[in-house]
Amino acid sequence: MTNSYVIGVDFGTDSVRALVVNAQTGETAGTHVHEYARWKQGLYCNPATSQFRQHPLDYLEGLEATITGALANVSEDVRKGVVGISIDTTGSTPGPVDETGLPLALRPDFAENPNGMFILWKDHTANAEAEEINNLAHHWDTDYTKYVGGIYSSEWFWAKMLRTLRVDEAVREHAFSWVEHCDWMSAVLTGNTNPLTLRRSRCAAGHKALWHSEFDGLPSTEFLTKLDPLLGGMRERLFTDTFTSDLPMGKLSAEWADKLGLSTNVVVGVGAFDAHMGAIGAEIEPYAFVRIIGTSTCDILMAPNEEIGHRLIRGICGQVDGSVAPGMLGLEAGQSAFGDVYAWFARLITGPVRELLGTEAADALSKQLIPHLSAQAAKLPVTENDIVALDWINGRRTPDANHTLKAAISGLNLGTDAPAVFKALVEATAFGSRSIMERFIEEGVPIKKVIAIGGVAKKSPFVMQTLADVLNKPIQVASADQACALGAAMCAAVAAGVHPTMEAAQKAMGSGFDAEYHPRAEQAAIYETLYQKYLKLGEFVENK
Ligand SMILES: Nc1ncnc2c1ncn2[C@@H]1O[C@H](COP(=O)(O)OP(=O)(O)O)[C@@H](O)[C@H]1O
Ligand SMILES: O=C(CO)[C@@H](O)[C@@H](O)COP(=O)(O)O
């Protein structure tokens with residue numbers, strides 16, 4: 001049998017990667033990673049106001065660089081054998097586009113305007129708009145938030161669009177429609193970016209844009225214009241149908257086939273979010289809880305529609321038929337900051353070093369800091385009197401989204417040193433994870449196993465052991481270094497017809513697990529007490 005190959009492209013927060021994978025065996029034939037040049041310089045962002053924007057040129061450059069890079073050293077047989085490409089991205093990361101589907105920032109008049117760019121998932125500039133959406137939805141005939149946990153978040157599509165239309169007259173005038181990053185990227189490869197006809201992802205639409213078949217698609221025009229007359233006509237300029245990622249978006253355009261050195265017969269699959277395709281790559285199965293642990297966490301659970309579909313799960317990021325695999329309910333939750341909590345602490349320490357001793361010293365320190373703090377923190381005993389911290393440094397995504405919340409650290413004294421604070425921060429991220437797990441269980445969704453993927457899961461045995469102790473459950477870490485890109489490749493294999501179902505693609509292409517963390521009974525018992533303290537501190541901060 002001749003082998004066919006598929007390409008999975010994973011657009012993360014800081015970088016994008018592509019994997020060329022044998023669709024029969026799952027073996028990697030080529031890979032390439034690219035960092036976003038403008039993002040790396042901090043352009044168009046202002047962390048103090050929670051503004052995080054990404055320029056579409058960063059994405060286009062990354063798309064070309066990663067695919068050509070991943071194909072650079074493969075044989076001619078492999079290149080000719082490529083039959084499909086699928087893309088995942090972060091989300092909700094929407095941007096305004098003109099009538100041709102061109103992101104406004106690609107027009108000369110918007111080239112430097114952050115409001116014409118993609119609004120990254122972690123941008124929380126639309127807190128007020130999210131609150132308005134919640135207030136209106138909770139008093140409307142149909143509560144449009146019911147399938148997204150009952151709370152709309154400022155990380156999502158409508159809040160970001162509404163806020164941008166309000167604050168920027170030029171965008172208001174020129175934004176014909178809006179697209180999610182995952183939809184635009186896949187559309188670009190097909191050459192059809194027309195916002196009225198490109199195939200929109202079920203995953204993005206259902207989890208972030210309040211799309212549901214029960215609502216005949218998006219919320220009604222009455223609802224949207226009541227929210228703000230600025231949204232008048234927008235429903236018609238968006239979409240009614242949505243598509244699951246087993247389906248093709250189209251075929252590679254002549255322009256991109258030429259750029260990438262591939263054929264125009266290559267199928268481009270419908271896009272989805274990184275976490276959802278990552279869950280496929282991590283061989284998700286019903287009631288497995290897959291945690292993508294990196295800058296943030298995104299937690300994905302999949303359950304048969306007939307078993308959970310009738311139940312509304314409170315405070316999560318949505319339950320969407322087909323957001324992971326067709327025919328299954330995909331449930332999403334997560335933490336707005338996980339590794340970002342550690343990154344913040346590292347910046348706190350390296351910041352003055354950078355100013356006083358220069359970049360070289362700060363960079364050298366920065367490289368070693370988290371591994372060093374982890375090693376030191378791992379030596380500390382776990383006691384009931386330890387420092388307790390909250391992980392809400394970028395607000396709380398779940399349970400019960402609230403991005404106005406802030407983090408806190410309690411229990412410091414003159415003896416507290418950096419490893420002790422770092423340990424408390426790691427525990428805080430684990431307690432945040434525990435509260436998500438508890439919510440699923442309280443709502444009647446059992447968790448049969450925990451699987452982890454993502455940078456932190458791969459890099460930090462200390463964090464993973466702490467997490468296993470706090471959850472008091474074993475955690476399996478998927479072997480794939482790039483589980484999201486591998487999941488995208490599996491989706492491409494189904495969209496291109498190599499495998500009939502996601503399950504079949506997982507079976508053929510999955511790479512299993514290479515580490516397992518087991519809870520340590522002594523620490524797990526102490527963490528029961530510390531978790532109660534975490535909940536109490538959270539209650540205090542939330543209600544003060
Ligand atoms: N050794 C480490 N231990 C714990 N966290 C780490 C370590 N190295 C990096 N991180 C964290 O990993 C996060 C990046 O995760 P990664 O999965 O690589 O990226 P992304 O979230 O963009 O996909 C950063 O927030 C960083 O603080
Ligand atoms: O929220 C989602 C998906 O719904 C993620 O895209 C978001 O957490 C970003 O993930 P990363 O931490 O950059 O991997």
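**Ligand shells and domains**

Helix 13 contributes the largest share of the shell around ligand 1, namely four residues, where helices (H or I, at least four residues) and strands (E, at least two) are DSSP runs numbered from the N terminus. The structure is a predicted model, in which local features need pLDDT of at least 70 and side-chain atom pairs count only at pLDDT 80 or more, while totals for chains, interfaces and linings use all residues. Residues are numbered from 1 along each chain as its sequence is written, and chains are lettered from A and ligands numbered from 1 in the order in which they are written.

Around ligand 1 there are 18 residues, of which Gly294, Thr295, Gly339, Gly455 and Ser460 come nearest; a residue is near a molecule if its C-beta atom, placed from the backbone, lies within 6 Å of it. At least two residues of this shell are supplied by each of helix 13 (339–357), helix 14 (359–379) and helix 16 (455–459). By class, the shell around ligand 1 divides into six nonpolar, nine polar and three charged residues, with Ala, Val, Leu, Ile, Met, Phe, Trp, Tyr, Cys and Pro counted as nonpolar, Asp, Glu, Lys and Arg as charged, and the others, Gly among them, as polar.

Ligand 2 has 15 residues around it, and Thr13, Thr90, Gly294, Thr295 and Ser296 come nearest. The elements that give two or more residues to this shell are helix 11 (274–281) and strand 15 (328–335). Five nonpolar, eight polar and two charged residues make up the shell around ligand 2.

The protein is assigned domain 1 (5–282 + 480–511) and domain 2 (339–479 + 514–543), with bounds that come from an automatic or database domain assignment. The centres of the two domains, taken over C-alpha atoms, are separated by 29 Å. Their contact takes 13 residues from domain 1 and 12 residues from domain 2, two residues being in contact if their C-beta atoms, placed from the backbone, lie within 7 Å. On the side of domain 1 that touches domain 2, the residues divide into four nonpolar, six polar and three charged. Each of the two domains also gives at least three residues to the shell around ligand 1.

Arginine 38 lies in helix 1 (residues 37–40) and, not counting residues up to four places away in sequence, touches Leu43, His55 and Asp58. Arginine 38 counts as partly exposed because it has 16 C-beta neighbours inside 10 Å, whereas a residue is buried with 20 or more other C-beta atoms within 10 Å of its own and exposed with 12 or fewer, partly exposed lying in between.
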